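The sequence and structure come first.

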Amino acid sequence: MSDAPTPPPSPAHQPASLPAITDAERAELRRHGILLTSLQELYTWGNSHSVWPLNFGLACCAIEMIAASMAKFDIARFGSEVFRPSPRQADLLIVSGTVTKKMAPQVVRLWNQMPEPKYCIAMGACAISGGPFKQGYNVLKGIDRFIPVDIYIPGCPPRPEALLHGLVQLQEKIKGFTIKGPDAPRHLQKADAGEYPVPEFGARDLEPPHNPAVWSAPTLVRAEKS
Amino acid sequence: MNPELLTPGGANVRAVHDAFHGDLLEVSMGPHHPSTHGVFRMIVTLDGERIVKLKPVFGYLHRNHEKLGETVSYLGSMPYTDRLDYLSAMTNNWAYAIAVEKLAGQPVPERAEYVRVILAELTRLLNHTCLAGFLMQDCGCSGTPLMYAFREREKILDLFESLSGSRMMCNYQRFGGCRVDPTPAWVDATRTLVGNYGAFLDEFEALLTGNEIIMARTQGVGVLSAALAINAGVTGPMLRATGVASDLRKSDAYGVYPRFQFRVPLGAHGDVYDRYMVRVLEMRESIRILEQALAGLPGGPIMDPKAKLRGFRPKAGEAYGRIEGPKGEIGFYLVSDGGPNPLRYRVRPPSFINLTVLEDMCLGQTVADAVIILGSVDIVLGEVDR
C-alpha cells in the first residue's frame, strides 16, 4: 500500500484534448463518402456562400455593380446574385459611390435595419475616402466614419472583376471566423453595439461628424530630424 | 374614429369608406428605392391609387461639381465631366472640350472631329440600350432585357477601354483633338460592332416593341404635351417624342455632322412608349452615322500641333459649348479671367431639366406608372445633383 495520492479521475465525457485530424485524413474520409465537419465550419461555409447584397446604388460604381451581376461577370457564380431591395433580407451592404452628407444618415439607417450577420463593402474611392470629390463641402470622407467596413475595393470605379475579387476576399474573411472567442464575428461578441448612431444633417456638418466607436482621426507621426 | 361607424355586427363598410373617402396618403419613395435609378426621392401624395401631388427631393448626390470646376485647371475638370452622366462619359468630354475650344479659339483637326462623332454615336447606342433595359426593368420585365442590354454594353465598353484605358471614365477628349490616335485594328473592331448592332436591335425589338404587355403598360401613360415640353426647356429624345423636331446635330451643325445623312425620328403622342420608340429609332440612325463616319475617317493628326496643354490660360471672356448628348442638350458655360482656372463653371444638365416636368406627367396616373414615367425620363443622378 503506497500512500501516494491517487490521481483525480478524468471526466470520461470530456477528454483532455481532442486528437487533431489532419487534412490528409479528412480527404481520405471524404474519399470513402464520410463528411467530417464541425458546427463552426458548417456555419461559416453556409454564411460565406450565400451573401445577398442590398440592391442599393449610390453613384457611378453602382453601374459597375449592376454589370457584375449581369451575364458577362455573373456574380451568381459566387452565390450573391440575389440583390434584395429590402435591407431586412440583405446580408451585404455595398456602398457603391459617393456618400454625401445628405445621404449619410440614410446609409447608416439602412445598415441598422439589416439583420446580423451583415457585412459592408466600401466600393470605390469615394466610399473609401471621398475620392476625387474629397474637397467638396458636401462629401463624406469615407463611410467607415460611421459604420464598420469589412472590405475596401479601390478604383474609380472598380472593374466588376475587382468587385468579384472583393467578394471572394469577404468570403475568405467569413470562413476565418470562429463561433466563440476573440475571432468571433462582431455580432457574436458581447461588446457589439448593435445599433449604430445615425448622424443628423446639421447646419454646418454632420452631427456627430464621425462615430468614435468605429473611427478615430489618424494621428500624425512626424519623422524625427536626424 | 366615429363610434357610429361600428355597428353591432362589425364595421359598416360603406360608412367607413364614406368617412375616409378623399383622405390622402403621403408616400416617400427614395432615396433608397429600387425604382429611382440612384438616390432620387419623390414625395408622392396619393388619393387611393392616383397621384395628386408629387414633390421631388434633390441633392442626395450633390458632389460640388461646379465648385470643384472653379478650383482645378481647365484640363483638370475633364475627368470630373466623366462622372457627371456616368453612362455617357464621351459626350460629356466632347461638350466640355467644345466650350473650352470656343473660349480659347482652338481649332480641331478633321480626323479628331470624325473620331469624336464615332465616339459620341457609340455612346448614344450605349446609353439608349441601357435605358431601354432599365425602363423594361421598371415595367416589371425583370432581367431579360437588361441582360441583353448589358451584354451589348460590354462590347462597346471594350472598345472604349482599348482606346482610352478605362471602361466608364474615359477622359479622352483634349482641347484641340483627342488624347490617343485610334489604331486601324480599333477601327476594324468598331466596324464589326456597328455591323452587328442592327441584328441586336432586331432581336431586342422583336422582344419588346410589339409586345402586347409593354404596349398596354406604356401607351398613353405619362403624356407630355409639346407646348409644356418647350416651355420647360425639355430637350433630347423626350422633346422629340412629343413631335418637336429639335436636334442640335441638325440645328447647330457642330463638328462634322453636316456631312452625314441621317434622319431625326419624332414621336406623336409624347407618352412613355413614344419615348422608348424614339430612342430605338435614334439608335438605328446612329448606326447609319457610324457607318458613314467609319467609311470616311480621314488620316492626319489627332491633335492640333499648336494646342497647348500645359500652362493653358485662355483669354478673359466667356463661352458656352453644347452638343446633343444622349439625354438632351448638354452644355458647359465657362467664364475666364485669364487665369489657369475658370472663374465660373456651370453645367447645363439635360436630365435635371427634363426632370422638372415629372410632376406634370405623373398627375392623375397610378403610383406604379410614376415608376416607369421616371424611368422614361432617363435620369442619371450624377448629372441631376452634380
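## Basis

Helices (H or I, at least four residues) are DSSP runs, numbered from the N terminus. The model is predicted.

## Interface between the chains

Chain B puts 30 residues in contact with 35 residues of chain A. The size of an interface is often given as the accessible area lost when the parts come together. Here the area buried between chain B and chain A is about 2900 Å², and carbon and sulfur atoms give 67% of that area. On the side of chain B, His32(B), Tyr60(B) and Arg63(B) lose the most area to chain A; together they account for 21% of what that side buries.

The rule finds 4 salt bridges across the interface of chain B and chain A. Glu64(A) forms a salt bridge with Arg153(B), with 3.6 Å between the closest N and O atoms. Residue pairs in polar contact between chain B and chain A, both at pLDDT 80 or more, number 14. The elements of chain B that give two or more residues to the side touching chain A are α2 (65-71) and α6. The largest share, 7 residues, comes from α6(B). By class, the side of chain B that touches chain A has 17 nonpolar, 5 polar and 8 charged residues.

## Cavities

Rolling a probe the size of a water molecule over the atoms shows where empty space is left. The count comes to 3 cavities of 30 Å³ or more. The largest cavity holds about 70 Å³ of space. It is lined by 13 residues, and the closest to its centre are Cys60(A), Cys61(A), Cys126(A), Cys156(A) and Arg63(B). Arg63(B) is also one of the residues of chain B that lose the most area to chain A. In chain A, α3 (60-68) and α5 (124-129) each supply at least two residues of the lining of the largest cavity, and α5(A) gives the most, with 3 residues. This lining has 7 nonpolar, 4 polar and 2 charged residues.

The second largest cavity has a volume of about 50 Å³. Its lining is made up of Tyr86(B), Leu87(B), Ala89(B), Leu126(B), Arg153(B), Leu157(B), Phe160(B), Arg167(B), Met168(B) and Cys170(B). Helix α6 (residues 144-164) of chain B gives the most to the lining of the second largest cavity, with 3 residues. By class, the lining has 8 nonpolar, no polar and 2 charged residues.

## Largest pocket

Which residues are the closest to the centre of the largest pocket? The pocket contains about 960 Å³ of space. Among its 41 lining residues, the closest to the centre are Asn55(A), Ile66(A), Pro34(B), Phe134(B) and Gln137(B).

Helix α3 of chain A, along with α5 (110-139) and α6 of chain B, each supply at least two residues of the lining of the largest pocket. The largest share, 5 residues, comes from α5(B). The lining of the largest pocket divides into 23 nonpolar, 14 polar and 4 charged residues.

How values were computed
Residues numbered from 1 in each chain as written. Chains lettered and ligands numbered in written order. Predicted model: local features only at pLDDT ≥ 70, side-chain atom pairs only at ≥ 80, totals over all residues. Heavy atoms only, no water. 1 Å grid on protein atoms, 1.4 Å probe; cavity = no way out; pocket = protein on both sides within 12 Å on 5 of 7 lines; lining within 4 Å. Points joined across faces, edges and corners; volume = space filled by probe spheres on them. Nonpolar A, V, L, I, M, F, W, Y, C, P; charged D, E, K, R; others polar. Contact = heavy atoms within 4.5 Å. Buried area = accessible area lost by both parts, 1.4 Å probe. Salt bridge = Lys/Arg side-chain N within 4 Å of Asp/Glu carboxyl O. Polar contact = N/O pair within 3.5 Å; in protein donor to acceptor, adjacent residues only side chain to side chain.
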